[in-house]
Amino acid sequence: MNRSATSDGKMRAQPGGKRKGLLQDRAAKPIHRLADRRLDFPRSVALRKSYIVASTDRSGSTFLCSLLWRTGVLGAPAEYWNYRSRPGAKPIGTQMMERLNASSPADYLEKLLACRTSKNGVFGVKAHSFDFKEVLRKFPMLLELLAPVTYVYIQRQDKVAQAVSMAKATQTGAWVAQAKSNTANLNYDRDLISKCLNFLERQDLDWMQWFEKHHIDPFVVVYEKLISDPTSVVRGILEFMGVEGDPREEVHPPDLEKQGDETNLEWVERFRQESPAAVGSGTSKASPAVDVAARNRAPKGDAAVSRAEASHVFDRYDEVRDSAARPVDAKRLRHRYEAIINGNRELFRNARVLNIHSGDGRWSYAALNAGAAHVVGVDSERAQVELARNIFAELRVNPGSYEFVTGEILAALRPFRPESFDVVLCQEFAKLPDPHLFFQRLNRLRPKHIVLDTAVIAGKVPMISFRLKEPDKTATNPDIRSAAIRAVPNHELIRILCDYFDFRWRLIDWRRLGITDWTGIHDYEGDRHRTYILDRAA
């Protein structure tokens with residue numbers, strides 16, 4: 001006899017039979033990845049309805065999706081739109097696209113529906129707000145193809161506990177119980193927990209804004225209720241979806257284990273003691289949806305902790321951009337800001353700055369914030385340049401203090417006259433396939449200083465490693481979907497180019513910056529990424 005979930009969420013014994021071979025295969029080789037083809041439904045059926053589990057990090061959404069999957073009538077919900085790579089693991093979105101050999105977002109959706117829609121025609125997917133916005137940006141027809149779409153919104157009342165859980169996962173890399181945990185990096189970090197708290201707040205606000213804008217009334221799941229009474233929560237969703245009487249599929253998703261431990265409790269208590277003004281009790285007593293909606297309607301300056309504490313230059317930039325970097329990315333950005341900008345303010349003060357591969361403009365803004373007199377940002381992607389212009393306009397930056405230029409980098413540098421710039425800031429050196437030609441262009445411009453932040457490879461003789469950046473198959477824009485060449489140099493190549501073009505070089509010693517937690521910047525810790533300051537010889 002096999003134990004299997006019934007449509008009311010309870011566990012009952014079921015006889016084996018038609019999928020005996022699959023179960024034997026599972027016994028021989030346990031399933032650990034949700035992209036495993038053995039979890040596919042045995043036949044393709046027409047889509048009747050779909051639902052989205054609208055979630056935030058560490059909200060209990062993985063546990064909820066496991067319960068919904070086990071009903072046999074709610075598809076196989078998972079993060080199929082998660083393409084964000086983490087060290088040592090590919091996200092399920094990338095795994096599924098590769099496994100299904102999908103050539104485009106439309107092709108991926110078609111193949112995904114064919115193998116992950118339960119026999120009653122229901123398809124489920126889980127998404128965090130930033131993944132949801134990104135997939136809609138790349139594939140605007142998505143929701144139309146999934147219609148009718150129902151939303152299940154899961155939220156956790158104890159935000160501090162949720163932020164602590166996220167901080168631990170960020171440090172250890174263990175986002176699910178089956179993942180390998182690197183406890184060597186585990187240490188209490190109030191700043192990281194605070195960033196996680198702000199980031200989670202931003203995600204909740206994103207979902208509430210989406211629901212209000214599109215007049216959506218989601219089924220609300222409270223994490224604490226889910227843990228105490230999962231059967232009633234699942235029953236409520238079955239009724240909300242109108243599938244409680246549908247014939248069920250025999251399913252066997254992987255089992256889950258609880259990840260929280262005494263460390264979580266200790267960190268929660270310590271953070272509350274250290275930050276009483278910021279978090280209060282850390283637990284919302286009101287209905288979660290009502291609580292978030294009320295904060296969403298508050299004046300912009302008071303809407304969230306993240307906005308109240310937006311004191312860092314990049315926090316202010318994200319505030320206007322209406323986005324938030326993931327905590328580990330925010331931590332990396334701050335460390336890089338300290339090494340690249342804040343530690344070299346004397347170079348930027350009253351300087352004319354050329355920002356190569358300026359992207360969304362945040363580093364150009366940081367240069368102005370550090371005292372630069374004027375900044376020119378150059379980027380090959382028109383959308384990034386337009387975004388930077390719009391953000392600068394909203395920030396009311398003096399229009400005479402900046403300019404953004406679109407074009408292929410080396411070609412875009414030709415119009416500028418020698419000595420037009422005092423400082424050149426370049427952080428995407430690997431995107432330039434010809435380092436010698438790039439240094440030749442810099443030599444013609446004759447800047448006083450160059451801040452060069454780049455990945456490096458090992459090697460005792462001058463060399464460069466050409467690497468193919470895989471195409472983004474999730475994008476509908478053919479330019480974004482195409483592959484790209486990355487040219488990663490070694491130190492000896494940079495040294496010889498500096499010698500040839502009369503630049504004196506020095507290295508920023510990251511190990512002397514007082515960093516104790518290298519989360520998010522292990523490439524700098526391992527000397528695989530370096531920050532150079534080049535000074536023009538007299």
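Is arginine 530 buried or exposed? In this predicted model, arginine 530 has a relative accessible area of 17% and is therefore buried, since the cut-off for that class is under 20%.

## Arginine 530 and aspartate 527

Arginine 530 is joined to aspartate 527 by a salt bridge, and the closest N and O atoms are 2.6 Å apart.

The structure holds 32 salt bridges. One of them pairs the side chains of aspartate 523 and arginine 332, with an N to O distance of 2.9 Å. Aspartate 523 belongs to helix H24 (residues 522-525) and arginine 332 to helix H16 (residues 327-340), so this pair ties together parts that lie 191 residues apart in sequence. Aspartate 523 is buried, its relative accessible area being 16%.

Aspartate 422 and arginine 352 form another salt bridge, in which the closest N and O atoms are 3.0 Å apart. Aspartate 422 sits in the loop between helix H20 (409-412) and strand E10 (423-426), while arginine 352 is part of strand E7 (residues 352-356); the pair therefore ties together parts 70 residues apart in sequence. Aspartate 422 counts as buried at 11% relative accessibility, whereas arginine 352, at 33%, counts as partly exposed.

## A salt-bridge network

Salt bridges also link Glu79, Arg84, Lys126 and Asp131 in a network.

## Packing of helices H5 and H8

On the H5 side, the contact involves Ser129, Phe130, Phe132, Lys133 and Leu136. These meet Phe199, Gln203, Asp206, Trp207 and Trp210 of H8. By class, the residues of this contact divide into six nonpolar, two polar and two charged.

## Arginine 116

Arginine 116 lies in helix H4, which covers residues 105-116. With a relative accessibility of 0%, arginine 116 counts as buried. A polar atom of the arginine 116 side chain lies 3.2 Å from the backbone oxygen of aspartate 36.

Note on methods
Residues numbered from 1 in each chain as written. Predicted model: local features only at pLDDT ≥ 70, side-chain atom pairs only at ≥ 80, totals over all residues. Heavy atoms only, no water. Helix = DSSP H or I, 4+ residues; strand = E, 2+ residues; numbered from the N terminus. Buried < 20%, exposed > 50% of the residue type's maximum accessible area, 1.4 Å probe, protein only. Polar contact = N/O pair within 3.5 Å; in protein donor to acceptor, adjacent residues only side chain to side chain. Contact = heavy atoms within 4.5 Å. Nonpolar A, V, L, I, M, F, W, Y, C, P; charged D, E, K, R; others polar. Salt bridge = Lys/Arg side-chain N within 4 Å of Asp/Glu carboxyl O.
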